[in-house]
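Biologist: Hi! Please walk me through this protein, slowly and in plain words.

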Amino acid sequence: MTTTYHIRYFCQYFGSFITRQPKAVAPFLTPPRFLTPVSVIILICLMQLILIPLTIHAHETGENLPLLSFQSTGATEHPATRTITSTTKPDSSTPRTITSTTKPDSSIPRTIESASELDYPPFAVVLPDGTADGFSVELLKAVTKAVGIDVNIKVGPWHEIKQSLVDRNIDVLPLVAWSQERENLYDFSAPYLRMSKVSVFVRQGDTSIRGYGDLKDKEVMVMRADAAHEYAVDIELCNKLILTDTFEDALMRLSKGEHDAVIVQQLVGLQLIKKLGISNIVNLKAFEETDLKPASKNFAGFEQKFCFAVKQGDYVLQGLLNEGLAIVFANGTYNEIYNKWFAPLLPQPPVPVTTIIKYMLFILVPLTLIFAIAGIWFLKREIARKSLMLAQEMRSRQHADTQYFELFEKILDGFALHEIICDEKGNPVDYRFIAVNPAFEKMSGLRADDIIGKRVLEILPGTEPYWIETYGKVALAGESIMFENYSKEFGRHLAVSSYQTEYMQFACIVQDITDKKNSMDKEKKLTKQLQQAQKLEAIGTLAGGISHDFNNILSPILGHAEILLDDIEQKSPLRESIIEINKAALRARELVKQILTFSRQGDTDIKLIKMQPIVKEALKLIRSTIPATIDIRQNIMSNCGTVMADPTQIHQIIMNLGTNAFHAMEDTGGELSVKLHEIELDEHDDLIHVEMPPGVYACLEISDTGTGINPEIVTNIFNPFFTTKPKGKGTGLGLSVVHGIVKSMNGSINVYSEPGKGTRFNIYIPVVKNSFQEDFVQAREPIPKGRGRILLVDDEESIAELEKRILERIGYEVVSRVSSIEALEAFRSSPDKFDLVITDMAMPKMAGDKLAAELIKIRHDIPILLCTGFSYDMEQEKKEALGIRGILRKPVIMKELAEKIRNILETKQNMDVTEIKQNMDVTKTKQSGEK
């Protein structure tokens, strides 16, 4: 028995030596206290069998012996050899290759049996196909492959496969933790892995377990026959130890709340929790693993040393496994397998402080030396560069001084250097001339010899305080400043840049900007005029659109009034009312013309008129629209001369100014006074100016006793959209329209107002001498009648119906349509049925000119009369191309319509006769030629 023990010790010790872990055998066996003669003989034989091949190889290669290999005893009929290559560096940095030639023991089958537990990740796991995998399984495969042995690995519960090895049903287990008790059951290879301290896993939120001492009365689960099981029993960890077949089962039961804790290796427990997707279990974490290799530092307490376990007494297989471990350690296979399974799980071990310091010194010392050399070189270079720069700067300053004096003399802007003068309190009160350049002399008219050393108030006593105060801030506070101001002493606008040269002194660069300032004022005036023109243009566009709709409203009023005047008897009491309706409609028609003129879509009807009847008519209209609390007084001189004006515009002036007066007296009442008289102005009169030469003027004076106008805004009242009236009382357009009308008649308008005492407008219009009077309302003339067939087109049904009635009254047959598309279809069906087409210009879908173009395509000689609410001018060539023989402005008057139709039809008849004669002449010419 003693001899057997010695052999076992030697095999394990020598295997640990091969794996470079000579101390790893200590926990397994203790050295024998004595050696028997038989033991000595056996040991010597074993050493000879192992050392002879290596010694021969070392002698042939001349290399030292860095690694020993086992050679199995047995028959020699198996000549197979194994080559072991190792890249170790025992004595030098040169890799050494060691070749061992061994003969396999005939008693060892070429295939051995092994088994792996069900689930102990990452050491042992079961793949989906039921085969074993994991770190220990892959390592066993690598070790057996290194020594030329195949291995079959089955899977089973730990306690079963553990017992199978005891019963000698299998040859080796890949993962067995060494213990003194297991030493009596198996033989172990050198340790290839160690793990320290099992971990306690509990349910999250369980505060009753904080350490191992709290487990005494708890139900603690361990895997049956696991090292943790043996450890827990050995130290009497708890009174209620629950055994399970797998740790996976234990963790699932803990998660469901069946027991209190699980004792398992920390790494295994964390892997199983992740695999099972359990979220309510936590680890007490006694410490954090950083390295599991056998050479790592051992921790106090429970420690597991994982080895390959073989059947007790199977020393040959034990030696082969140790030899295989030596090979996989030496050729790097072990590290590859280790990194594959543990690198993703374990944190990197900390780098020693001494190593960090060593590498820092290795880097910093050369860098410091380099920087020192570079610094000395750079310092020398900078000194040389600075010296060169200093010399260049001195030369530059000398050159700059020369240039400065040249610039001072030749600069076009005025330059002056001054010294500020203060009173006892330190306030600036004056300044003294120190130097001026020729440009300043030319600008100011002062000679340098006369002003240098003198104070400004001596030279220019009228200098405003503004200049002294501004320059004082510059000279005393060092505040640079740029400003523009008008100098009364020089009579010029000046732009000044001033800065402090030293305390109490300042320099000024002065530019004469008088011409620029005048140009800017002129530009502002032009800009203001442009803005006003743009406002008026916008108003005109709006007015043009409104006037078109207003014409459509006026057309039936004016048309029906004319029909009534024709139908009603001369002695009827209603005739006077109808006449007034007709006159009002005509006045409105003229007003629409004026709106179109204002919007540049119509022409004014300028003619010689007497203003008296227009003023009286306007006052009647005003009287009917303002309350009785406002008294209207009029003084219309009958001998006031004739003026060249548009009656509608005169009416518009009176209505606008009368409305303004009413608004000024609406709350308090008062008196509206209107005067018309003739006045002669000579060249000495204050009213005379460039736009209003001396002569005779009709003066229209409109005054009120209202609130008056604030003097600050009098100059703005004629601006478009300017108004002081509350919202809903006015738009700010009335006075601007009045101003524009008066200016268009070469007249002038003046306003006199005082807050609380009222306002007076005086309008002056030139009188035309030797003129004759033209009544505004002319006598009605007979309406010409005719015959023919007319196609009438207007999208306003009321207008179409009215015009049809008018045309039928004067003898024409009429077919009316309210759609241009329908009219086109009616004409296309019977183009020869009609003698004339009357169409509105602005219609949906197809405008009047577009309709005319389509009609001409069907019948080129059809005459067309175009009606429009705008002043629509068209080039003659375009009118002829479209067959348009006339343009009539809405609202249509019966007499104008009848005359326009008769002229068109007569012209067409004449053209037809002419064409017939021409055709006859052509025919005769052809007949003569044939004869």
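Modeller: Happy to! Let's begin with the naming: helices (H or I, at least four residues) and strands (E, at least two) are runs assigned by DSSP, numbered from the N terminus. This is a predicted model, so local features need pLDDT of at least 70 and side-chain atom pairs count only at pLDDT 80 or more, while totals for chains, interfaces and linings use all residues. Residues are numbered from 1 along each chain as its sequence is written, and side-chain values use heavy atoms, leaving out hydrogens and water.

Biologist: How many residues apart in sequence are Asn 746 and Tyr 764?

Modeller: They are 18 residues apart in sequence, and their C-alpha atoms are 8.9 Å apart in space.

Biologist: Let's talk about β25. Why is β25 largely enclosed?

Modeller: Strand β25 (residues 758–768) has eight buried residues out of 11, so the rest of the structure largely encloses it.

Biologist: How many bridges join β24 to β25?

Modeller: Seven bridges link β24 and β25, and the two run antiparallel. Two strands count as paired if DSSP finds at least two bridges between them. In this pair, Ile 749 has Ile 763 of β25 as its bridge partner. The two strands form a hairpin with three residues between them, where Gly 756 has a positive phi near 85°.

Biologist: How many bridges join β23 to β25?

Modeller: Eight, again in the antiparallel sense, with β23 covering residues 695–704. Tyr 697 stands opposite Pro 766 of β25. Strand β21 (residues 642–645) pairs with β25 too, antiparallel and over two bridges, and there Thr 642 is the bridge partner of Val 768.

Biologist: What about a helix, say α14? How many residues does α14 have?

Modeller: Helix α14 (residues 465–477) has 13 residues and reaches 18 Å from its first C-alpha to its last, close to the expected 18 Å. That expected span is 1.5 Å times one less than the number of residues in a helix. The residue that follows α14 is Gly 478, with a positive phi near 70°.

Biologist: Which residues of α14 are buried?

Modeller: Among them are Trp 467, Ile 468, Tyr 471 and Val 474. The elements covering the buried residues of α14 include β14 (414–422), β15 (428–436) and β16 (481–487).

Biologist: Which strands make up the open sheet of five?

Modeller: The order is β15-β14-β18-β17-β16, with antiparallel pairing. The edge strands, β15 and β16, each pair on one side only. Strands β16 and β17 share seven bridges, with Met 482 opposite Ser 497.

Biologist: How many residues does the largest nonpolar core have?

Modeller: It has 62, and the residues with the most contacts inside it are Phe 123, Phe 135, Leu 139 and Tyr 192. Helix α8 (residues 315–331) gives the most to this core, with six residues. A second, separate core has 44 residues, including Ile 614 and Val 767. A nonpolar core is a set of buried Ala, Val, Leu, Ile, Met, Phe, Trp, Tyr and Cys residues joined through side-chain atoms within 4.5 Å.

Biologist: Last one: how many helices and strands does the protein chain have?

Modeller: There are 24 helices and 30 strands, and 43% of the 931 residues count as buried.

Key: Buried means under 20% relative accessible area, exposed over 50%, partly exposed in between (1.4 Å probe, protein chains only). Contact means heavy atoms within 4.5 Å.
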